[in-house]
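Welcome to this short briefing.

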Amino acid sequence: MPADDSILMMEKALQLLKESVKAAIGQPDKAAESDKPVLDTFSVPIDLVDGPSWLSRQELFPKLFWMNREKSEWMAGIGEADRIEIAEIGPNDKSFILLEKTMQEKNPHARYVGGFCFNNLQKQNELWTGFSPCLFILPLISVEYRNGQTSITGSVWRKPGEQRSAAYEKLLDALSSAIVGNNTAVGEIPEVTRVSYSPDRTQWVMNCEQVLKKFEEGGMDKVMLARQTELEFSGKVPAIRFLLNYPFPENSTYRYYFEPLKGHAFVSFTPERLYRRDGEMLLTEALAGTVTKEALNADDHAASELLLNSEKDVREHRFVKDTILKELQPVCSDIDMEDKVDVLQLNRLAHLYTRCIAKLKPEFCNDSTVLRQLHPTPAVGGVPREESMELILSIEPFCRGWYAAPVGWLSHDAAEFAVGIRSALINEDKVYLYSGAGLVQGSDPDSEWEEVEQKIGDILAITQQTT
């Protein structure tokens, strides 16, 4: 569609939304005396637009974007109609339970986008300002693509007894200030002036050797160690550029963008689904075992052959697959874990991949249960879970924050979460890239370092720099 037609279409949609809100103000407020919160939504269907491009022109925060791996659903949102925030430090399980209790008070049709920190026993540092241990946003204005249809929606969330006039005026102001044309040009990413690593290569090798020694002592089978790569730039980095400039749009990855404060954003291009829940039906997967196609000069077929015949990678994948199966058994009445191991092909990498479909028992049909059972998977934590989490906390010299944590959306009857890997945290003139490697007995620290390098390659390419 020509750009001018797209702009006119959006202008008309925003005008229709404003007219709907103004008309509603003049109607009797049947919910004024309600003892429960009320969600009012105003929605207009539109022709397909480019979500990231629309988001890049907006000046209202928070900003968020979600696209599933199949590219069949996406949401771009600005502003805040409602938020769910849990800031206390404690076990992740506690956050999951509190989130579920809070969701019971929300409108069943409301869809919140957000995420968690990887380990809420780790004190979050100043790099992660704005990213609470659990934070989910119901956008004030959202553009959504679902079931082959695109729509723009304005949402108003009112607490019991709250008059709607102020809330409706807030929405009207946001609709009036929404930018539909190319009024705000997004700056380019400035030059990188410095690159550093935490841990550096020497410390990485030492950390890996410490983990490998644990394997020899017995009791541990797998640990995923991560690295933080810090890029310093010559000026402020326009965070939305990382979403706009993703160089491999056909890659089988989720696209996740969350900017709670201007200039502070977390972005993830992750291939890994944690789960999709539709009512009682659950879709999850085991994704572990990696080969770097560029380093080996391998095409898709050769990468598949290498992975499927790699004893180390097959063993790493089996740890993940067996653990997921074990974790689901207490809460599911029916589990179909595929016997066949497939290969998920990406631009630079390939991963071993096994699908799993399960049916949740009625008493466990909620996201709190699924999150507690599945996070962290062995692909981002280790085996056994608690021991590996403690070891990671003791030897990694940086705060993981939201890296490798569940990120996605949830509503009362459905949810989808990805694992926030292949990710970056943008803070003004600095960008922190996060990636890791799964260690099992027989892993080589130098090879694992190179794997981490390959995993950040896609995001690094956005900066048009190389390390």
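Two strands count as paired if DSSP finds at least two bridges between them. With that in hand, keep in mind that this is a predicted model.

**Strand pairing around β7**

- β7 and β8 are antiparallel partners, with 6 bridges between them.
- Within this pairing, Arg146 faces Gln149 in β8.
- The hairpin formed by β7 and β8 has 2 residues between the strands, and Asn147 adopts a positive phi near 50° there.
- β7 also pairs with β3 (residues 74–78), again antiparallel, through 5 bridges.
- On that side, Gly77 sits opposite Ser142 in β7.

**The second largest pocket**

- This pocket holds about 340 Å³ of space.
- It is lined by 20 residues, and those closest to its centre are Thr41, His109, Glu144, Arg146 and Thr153.
- Strands β1 (38–46), β7 (141–146) and β8 (149–158) each contribute at least two lining residues.
- Of the contributors, β8 gives the most, with 5 residues.
- By class, the lining has 10 polar, 7 nonpolar and 3 charged residues.

**The largest pocket**

- The space in the largest pocket comes to about 400 Å³.
- Its lining is made of 20 residues, with Phe61, Pro238, Ala239, Glu259 and Lys262 the closest to the centre.
- That lining divides into 8 nonpolar, 7 charged and 5 polar residues.

Methods. Residues numbered from 1 in each chain as written. Predicted model: local features only at pLDDT ≥ 70, side-chain atom pairs only at ≥ 80, totals over all residues. Heavy atoms only, no water. 1 Å grid on protein atoms, 1.4 Å probe; cavity = no way out; pocket = protein on both sides within 12 Å on 5 of 7 lines; lining within 4 Å. Points joined across faces, edges and corners; volume = space filled by probe spheres on them. Nonpolar A, V, L, I, M, F, W, Y, C, P; charged D, E, K, R; others polar. Helix = DSSP H or I, 4+ residues; strand = E, 2+ residues; numbered from the N terminus.
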